[in-house]
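Trainee: I would like to go through the terms used for this model and see what each one rests on.

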Amino acid sequence: SKREIKMRKLDSTKVRPLKSEQLLHIEDHDFALRPGFGGSPIPVGIDVQVESIDSISEVDMDFTMTLYLRHYWKDERLSFRSNKNKSMTFDGRLIKKIWVPDVFFVHSKRSFIHDTTVENIMLRVYPDGNVLFSLRITVSAMCFMDFSRFPLDTQNCSLELESYAYNEDDLMLYWKHGNKSLSTDEQISLSQFFIEEFSASSGLAFYSSTGWYNRLFINFALRRHIFFFVLQSYFPAMLMVMLSWVSFWIDRRAVPARVSLGITTVLTMSTIMTGVSASMPQVSYIKAVDVYLWISFLFVFLSVIEYAAVNYLTTIEERKQLKKRGKASGMYSMDAVQAMAFDGCYHDTDEDMDLSPFPEPCEENETRTSQTNISNADTPRLKRKRSLKGNVGRIILQNNHVIDTYSRIIFPSVYIVFNFFYWGLYI
């Protein structure tokens, strides 16, 4: 009856839906060719929303970024009739049946389209043939880093987009909304870096075999947080240098205390330097942290050398004092082992030790005759020079403890000046 026919028309579930291929006339066109094939290049607009910067690797010199990549172009072959002028939205299943731009990431190492729960692909077609194609992608790309100022450095990285097959004669790649085509999530943060800026730019790339291509750049500057490295590298190095100065206040005769302190600080500085180098790429130039750690290591090493000089001069002074006492008393209370420690000669018996108030050093005995002959031929000028050197040497020998006194002032002062110039130069 007429009433039953009318009810069937109102029931939309009984009407057979139109296929998207039939609505867009996909079977009537060859989508292996770009839109406007043979004519002017097709303009393809790009805009990007950066969702997150997942990681920055200094060792691999790369970064990982998750972003929404959107393409805009017009393909009149996809135009359709619409009374309400509304667009149609499709998922990734239609992508393989139409033409889409072949944009790829230059210098990328790894990239993938998210596929949970389905592929994160969206295609929106407007009645006049305008197309919006959106992807959610995670890409890892190279970043050419300069570590000469590490860890007080700022790294400039870029993600580059380009068409793989179509050069500038077939496809014109551009930023859809100019500088506003690049947007970022306000919650983007990194553990070691502070994001200073994001910017979009464009240029051309030339390949000798295929020609010129339009290339788009996503530029961002990363400034490293210094506080982590202050706690892990700089502050321990400062403490080790200051700890090595403690030996200047320890008595010069306390050999075990000063030697063990010097060796401990040297080994600790070596450990700090090894730990910093292990987390960095093996570059062929000097980094800022290397300068600081090596200078700090030099200060620690010089504090050990300083005590070696003090100990040596103290030994010589005590040897001369023992000689004077021996000449005054005419006898010695040393055995052969103690005598050898002072003059460097081996004594077989105690009689050998009693031949003189104190035995002359071996080398001095061997060269006594030659020195006497030379001294007789010296001119007055040479005598004055030797007298001056002798007086200076005598003052140093008699007051070798003054070296520690001067070291307490010189070492901290020079280290403070070094820190002043270092932080002023790199910050």
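Mentor: Begin with the annotation: UniProt positions are given in the numbering used here, and annotations may be inferred rather than shown by experiment. The model itself is predicted.

Trainee: Which residues does the UniProt annotation "transmembrane region" cover?

Mentor: According to the unreviewed UniProt entry, the annotation "transmembrane region" covers residues 226-247, 259-279, 291-310 and 409-426. In the model, the span 259-279 is 95% helix and 0% strand, with its end C-alpha atoms 31 Å apart. Residues 291-310 are 100% helix and 0% strand, and their end C-alpha atoms lie 28 Å apart.

Trainee: How many helices and strands does the protein chain have?

Mentor: The protein chain has 10 helices and 12 strands. Of its 427 residues, 38% are buried, where buried means under 20% relative accessible area.

Trainee: Why is α3 called roughly antiparallel to α4?

Mentor: Helix α3 (residues 227-244) packs against helix α4 (residues 255-278) at an angle of about 165 degrees, their axes being 9 Å apart. Angles over 145 count as roughly antiparallel, so α3 is roughly antiparallel to α4. The crossing of α3 past α4 is left-handed.

Trainee: Which residues make that contact of α3 with α4?

Mentor: On α3 they are Ser233, Pro236, Ala237, Met240, Leu243 and Ser244, and on α4 they are Leu261, Thr265, Thr268, Met269, Ile272 and Val276. By class, this contact of α3 with α4 has eight nonpolar, four polar and no charged residues.

Trainee: Which residues of α3 and α10 make the contact, and how do they divide by class?

Mentor: Tyr234, Ala237, Met238 and Val241 of α3 meet Tyr415, Asn419, Tyr422 and Trp423 of α10. The contact of α3 with α10 divides into seven nonpolar, one polar and no charged residues. Tyr counts as nonpolar in this scheme.

Trainee: What share of the contacts in the protein chain between residues at least 6 apart in sequence join residues at least 24 apart?

Mentor: The share is 76%. A contact here means heavy atoms within 4.5 Å.

Note on methods. Residues numbered from 1 in each chain as written. Predicted model: local features only at pLDDT ≥ 70, side-chain atom pairs only at ≥ 80, totals over all residues. Heavy atoms only, no water. Axes fitted to C-alpha atoms, helices over the stretch in contact; angles between N-to-C directions. Helix = DSSP H or I, 4+ residues; strand = E, 2+ residues; numbered from the N terminus. Parallel < 35°, antiparallel > 145°, perpendicular 65-115°, else oblique. Left-handed = near helix turned anticlockwise from the far one by under 90°. Buried < 20%, exposed > 50% of the residue type's maximum accessible area, 1.4 Å probe, protein only.
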